[in-house]
Amino acid sequence: MLIGEVAKRSGVSARMLRHYESLGLVRPTGRTGSGYREYSDEDIRRIFHVESLRSLGLSLRDVARALDDPGFRPSELVADLIRTTQERIAAETALLTRLRRIGAAEPAGWEDVLQTVALLHALGSESAGKRQRAALASAEEAPLPVEALVEAALSETEPNVAGALRWAVAQSGDAALDLLARGLDSPRAEVRERAVRAVAEIPGDGAVALLRAALTSPDAVVRGHAALALGAADAIPTLIDMIVEGVNDVDAADALGALADGPGPADRIATALVARLPDAADAPPVRRRLTQALADIPGTRATRALTDLSHDEDPAVALTATYILTLRPVSGRG
């Protein structure tokens, strides 16, 4: 078969077939009387083998080794191809993400594009100071895409930078909530905590709804941050759990005190705190924390509970309750 027909059937150009020949990769078996290259069926099969291996990303040098070296073992080469392909995909994915974020910023001109690129680079800098400045600048110089801000906020470990990023995310308002909701479902506990803390700084009904949903999270830390941020009646069970578990118990007690703004709420909170005392019969630290939490709850229900606790078997509990009673208004002891 002559080179023109081989090129037509194989899809490999005549020029490339000549290049293969120059490399010794595929040599035509013979020549016609006129000197034209003539390819045998075996030559054509080799051409298809070459093309198949090239489709995997092998260089022509590696293709020659694979076809001609009897001792060639493909496993190592394939492993290298997998690694380099993954690296290339990661790089191209990062580029695509960057381009999408620049597009989301809706630049009016190349100056805007360059400014956004600079801020995105700073946001990914190894310097905490640069990351913090980029977060703060995003609300004034060139608004960064909310996706970039949320991603940075969910991965930031430096406290000051994290605070700046939460502030920047909050400026995006409801636009950040869907992304943060995904963060709340992250398999990584630290990401879930960063997400709920970011939600807590966003004003509006959308953030409140997301925090209410977070009260049912299986993650106690997420529930705690949501409860402290909400400061609402439906957060009371979680706040009491925090006191029992000793997780931010002082903040939780303060939040309960703020919620006890009338006789009805105060008595409901006092009743809920007292209801946990029997479960803590063999856990003196828990009883002490529950007793301390009653200090900021006004009303007769809390006073009666403290009076009972002033005779508790645990001297520390009894002393704490007695001291708290001395600080309560006389009218609150009735």
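Arg328 is buried yet takes part in no salt bridge. In this predicted model, the nearest side chain of opposite charge to Arg328 is that of Asp296, at a distance of 7.5 Å. What Arg328 does have is a polar contact of 3.0 Å, which joins its side chain to that of Thr303. In the chain, Arg328 is placed in the segment that follows α19 (315–327).

Other charged side chains in the model are paired. Side chains of opposite charge can pair when their charged atoms come close. Under the 4 Å criterion, the count of salt bridges comes to 17. Three of these pairs are described below.

Glu51 is partly exposed, its relative accessible area being 25%. Arg54 is likewise classed as partly exposed, at 34% relative accessibility.

A salt bridge of 3.3 Å, N to O, is formed by the side chains of Arg65 and Asp62. These two residues lie three residues apart in helix α4 (residues 60–68), which is about one turn of that helix. Here the two partners fall on opposite sides of the 20% limit for burial: Arg65 is partly exposed at 39% relative accessibility, whereas Asp62 is buried, with a relative accessible area of 17%.

The pair of Arg287 and Asp312 also forms a salt bridge, and its closest N and O atoms are 2.3 Å apart. Arg287 is located in helix α17 (residues 284–293), while Asp312 is in the loop between α18 (300–309) and α19; the pair therefore ties together parts of the chain that are 25 residues apart in sequence. Arg287 is buried, with a relative accessible area of 14%, and Asp312 is buried as well, at 16%. Salt bridges also occur with shared partners: in this way Glu21, Arg31 and Arg37 are joined into one network.

Methods: Residues are numbered from 1 along each chain as its sequence is written. This is a predicted model: local features need pLDDT of at least 70, side-chain atom pairs count only at pLDDT 80 or more; totals for chains, interfaces and linings use all residues. Side-chain values use heavy atoms; hydrogens and water are left out. Helices (H or I, at least four residues) and strands (E, at least two) are DSSP runs, numbered from the N terminus. Buried means under 20% relative accessible area, exposed over 50%, partly exposed in between (1.4 Å probe, protein chains only). Lys and Arg count as positive and Asp and Glu as negative; His and the chain ends are not counted. A polar contact is a pair of N or O atoms within 3.5 Å; within protein, one must be able to donate a hydrogen and the other to accept it, and residues adjacent in sequence count only if both atoms are side-chain atoms.
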